[in-house]
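Colleague: Hi! Could you put the model up so that we can go through it together?

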Amino acid sequence: MIQRLIATSRNTLLAPLLDNNPITLQVLGLCSALAVTSSLRPAIFMSVAVISVLVFANVTVSLLRHVIPQSIRLIIEVTLIASAVIVVDEVLKAFVPDVAAILSVFVGLIITNCIVLARVESFAMHHGVWASLLDALGNGLGYAWILLLVGAIRELLGAGSLLGQEILPLAESGGWFEPNQLMLLTPSAFFLLALLVWTIRSLRPVQRSQSDQIRSDNPPSGAAP
Amino acid sequence: MTERESVARTLGVAAIVAVFCSLMVSLAVLWLRPIQLAYLSIERNRAVLEASGLIEPATELTEQQIVDRFLGLDTRIVDLDSGTFSDAVSTTSFDFRAAINDPDLTRPIQDELDIANLGRRPVYLPAYLLRNGSTIEQIVLPIYGQGMWATIHGFISLRADFATVEGVAFYEHGETPGIGDRFLNPEWLAQWRGQPAYDENERVAFRIGADGGRPAGIDAITGATVTTSAIEDLVRYWLGDDGFGPFLAYMRREAPQ
C-alpha cells in the first residue's frame with residue numbers, strides 16, 4: 001500500500017521531467033521558452049518564477065477543489081494564477097531588477113502560460129494537495145531543465161560565457177572562439193528546441209508514436225489560422 | 001442543481017477568492033514598493049550621469065559609485081514660470097517625480113502648447129550642472145511625456161552654449177517590448193550627440209526623422225513611429241516656451257556661475 005503510494009508519488013513527480021515533459025511532449029509554454037533563453041541568468045529566474053506560480057496555483061486549487069463551483073471554475077483558477085504572477089513579478093522587480101528588465105512582459109505572460117492552467121485544470125481539480133504539489137514541482141522542473149539547457153547552450157555559443165563568466169576565450173580578446181550571433185536571436189531557440197524534441201523522440205519511440213496517434217485521431221480541419 | 005452550484009454559493013466563493021487575492025497582491029506591493037523605489041531612484045541618478053556622458057550605458061557600477069558621482073553634480077532648482085533659478089524649494093528634499101503629480105506644485109498647460117500630452121506641468125524642476133571649476137560644462141534637465149502606452153521619463157544634457165544636445169538617457173517607459181523600446185538602443189541614442197536644440201533665431205530646432213526635404217538629424221525608428229514622434233514631441237515641448245525655453249534663453253544671456 002505504502003509502496004504503491006510512493007511509486008505513484010514518484011511517478012507524479014518524475015513523469016513530467018521526460019516522459020510527459022510539458023515543453024517537448026505537450027509543446028506548451030514555448031513563447032517564454034523562446035524569449036527568455038538568450039542567456040542562462042534570465043532562464044534561471046524565469047524557471048523559478050514558473051515553478052513558484054505552478055506550486056501556488058496547484059496547491060490552492062487542490063485545496064479549494066471541493067468548494068469551487070463548476071460554473072466559475074476557470075475564472076477562479078485564472079484569478080489565483082494571476083495574483084501569484086503579480087506577486088512574483090513584484091518580487092523580481094524589487095530584488096533582481098536587472099533580470100526583471102530582461103524578462104519584461106514574459107513574467108506577466110506566465111498568467112497565460114498553458115502549462116499552469118493545464119496543470120490546474122487537468123490535475124489539481126481532481127487530486128489531493130500532496131499529489132498536486134508533486135505534480136506542480138514535476139512539471140515546473142520539466143519546464144525548467146529545458147529552459148536552462150537551451151539558455152546555457154545559447155549563452156555558451158552566442159557569447160562564449162555562462163552566467164556572464166567567460167568560458168570559451170573570445171577571438172576578439174586573443175582567444176580562439178568566434179561567438180555565433182545567431183544564438184542570441186530567438187530563431188536559434190526554435191532550432192535548439194526542435195533538435196531536443198527530435199532527440200528525445202528518437203530515443204523514446206513511445207513519444208513519437210503517441211504524437212502520430214494524436215495527429216491521425218484529429219485530422220486538421222480547414223485551413224490553419 | 002446541487003448546493004455547490006447555487007447562486008449564493010457561487011457568489012460567496014467568488015467574493016472570498018477575490019478578497020484573498022487582492023489582499024495577497026496588496027500586501028506584496030506594500031512590502032516591496034519601498035525596495036523598488038530605492039532602486040528606481042538609483043536608476044534615475046544613473047540616467048542623469050548617462051545623459052551627460054559621465055558614464056557609458058553598459059558600465060557596471062555599484063549603487064554607492066552612482067550616488068557618489070551623482071553628488072558630484074551641482075543640483076539647482078529651476079522656476080519654469082520665471083525662467084530662472086529658484087530657492088523656493090530645497091534641492092535635497094524636493095522630489096520632482098512626486099511634484100509632477102502634485103496639484104499644488106503644477107499648473108495646467110494650454111491645449112495648443114501641450115504637444116507632449118502632459119495636461120499639467122510642474123512649476124519647479126531640478127537642473128543638474130556639470131561644472132569644471134566655475135564654468136558650467138553641461139546642464140542636465142528632466143524631460144517626460146506621453147509615449148505609446150505610458151509616460152516616458154528621461155534626461156537631456158545640453159552643452160555650455162545651452163543650444164546643443166550633448167546626450168540623452170531614458171529611465172522609465174512602458175513602450176512595447178522589442179518594438180517601441182528600441183529607442184533605448186545605445187547606437188540610436190548616440191545620434192543625439194551634437195544635435196542642435198535651437199537655431200540661430202532661438203527657435204527650437206530639435207527634430208527626429210527626415211520630413212519634407214529637411215535632412216534627418218536623428219533617424220526615426222521603423223516600426224516605432226508612435227514612440228519616436230512622442231519622443232520628438234516631448235523634447236520639443238521641454239525645450240519650448242512652456243518648458244525650459246525661457247530658462248535656457250536666460251542662461252545663454254547671463255550664464256550665471
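Colleague: In β5(B), which residue is the bridge partner of B:I77?

Modeller: B:P126 is the bridge partner of B:I77. Before we go on: this is a predicted model, where local features need pLDDT of at least 70 and side-chain atom pairs count only at pLDDT 80 or more, while totals for chains, interfaces and linings use all residues. Residues are numbered from 1 along each chain as its sequence is written, and chains are lettered from A and ligands numbered from 1 in the order in which they are written.

Colleague: Got it. How many bridges are there between β1 and β5 of chain B?

Modeller: Strand β1 (residues 74-79) of chain B pairs with β5(B) over 6 bridges, in the antiparallel sense. Two strands pair if DSSP finds at least two bridges between them. Helices (H or I, at least four residues) and strands (E, at least two) are DSSP runs, numbered from the N terminus.

Colleague: And which way do β1(B) and β2(B) run?

Modeller: β1(B) and β2(B) run antiparallel, joined by 3 bridges.

Colleague: In what order do the strands of the open sheet come?

Modeller: The 6 strands of this antiparallel open sheet in chain B are ordered β2-β1-β5-β6-β7-β8. β2 (84-86) and β8 (165-172) of chain B are the edge strands, each with a single partner, so one side of each has no neighbour in the sheet. From one strand to the next, the twist averages 35°. Angles run from 0 to 180 degrees between N-to-C directions, with axes as lines fitted to C-alpha atoms, for helices over the stretch in contact.

Colleague: What about β5 and β6 of chain B, how many bridges there?

Modeller: β5 (residues 124-132) of chain B is joined to β6(B) by 5 bridges, again antiparallel. B:Y128 has B:V140 as its bridge partner in β6(B).

Colleague: Which helix lies across β6 and β7 of chain B?

Modeller: That is helix α5 (residues 225-239) of chain B, running at about 125° to β6(B). In total, chain B has 6 helices and 8 strands.

Colleague: Where is the place of B:W149?

Modeller: B:W149 is in the loop between β6 (135-146) and β7 (151-159) of chain B. If we leave out residues up to four places away in sequence, B:W149 touches B:G174 and B:E175; contact means that the C-beta atoms, placed from the backbone, lie within 7 Å. The C-alpha atoms of B:W149 and B:E175 are separated by 6.0 Å, although the two residues are 26 apart along the chain.

Colleague: Why does B:W149 count as partly exposed?

Modeller: B:W149 is partly exposed because it has 13 other C-beta atoms within 10 Å. A residue is buried with 20 or more other C-beta atoms within 10 Å of its own, exposed with 12 or fewer, and partly exposed in between.

Colleague: Let's change topic. Which residues of the largest nonpolar core touch the most other members?

Modeller: In that core of 50 residues, they are A:V53, A:A57, A:A84 and A:V88. A nonpolar core is a set of buried Ala, Val, Leu, Ile, Met, Phe, Trp, Tyr and Cys residues joined through C-beta atoms within 7 Å. α3(A) brings the largest share, 11 residues. A:A57 touches A:L80, A:I81, A:A84, A:V116 and A:V120, again not counting residues up to four places away in sequence. A second, separate core has 47 residues, among them B:L49 and B:F155.

Colleague: How many residues are in contact between chain A and chain B?

Modeller: 19 residues of chain A contact 18 residues of chain B. Helix α4 (residues 73-95) gives the most to chain A's side, with 10 residues. That side divides into 12 nonpolar, 5 polar and 2 charged residues. Here Ala, Val, Leu, Ile, Met, Phe, Trp, Tyr, Cys and Pro count as nonpolar, Asp, Glu, Lys and Arg as charged, and the others, Gly among them, as polar.

Colleague: Last one: how many residues of α1(A) are buried?

Modeller: Of its 13 residues, 1 is buried, so α1(A) lies largely in the open.

Notes:
Contact = placed C-beta atoms within 7 Å.
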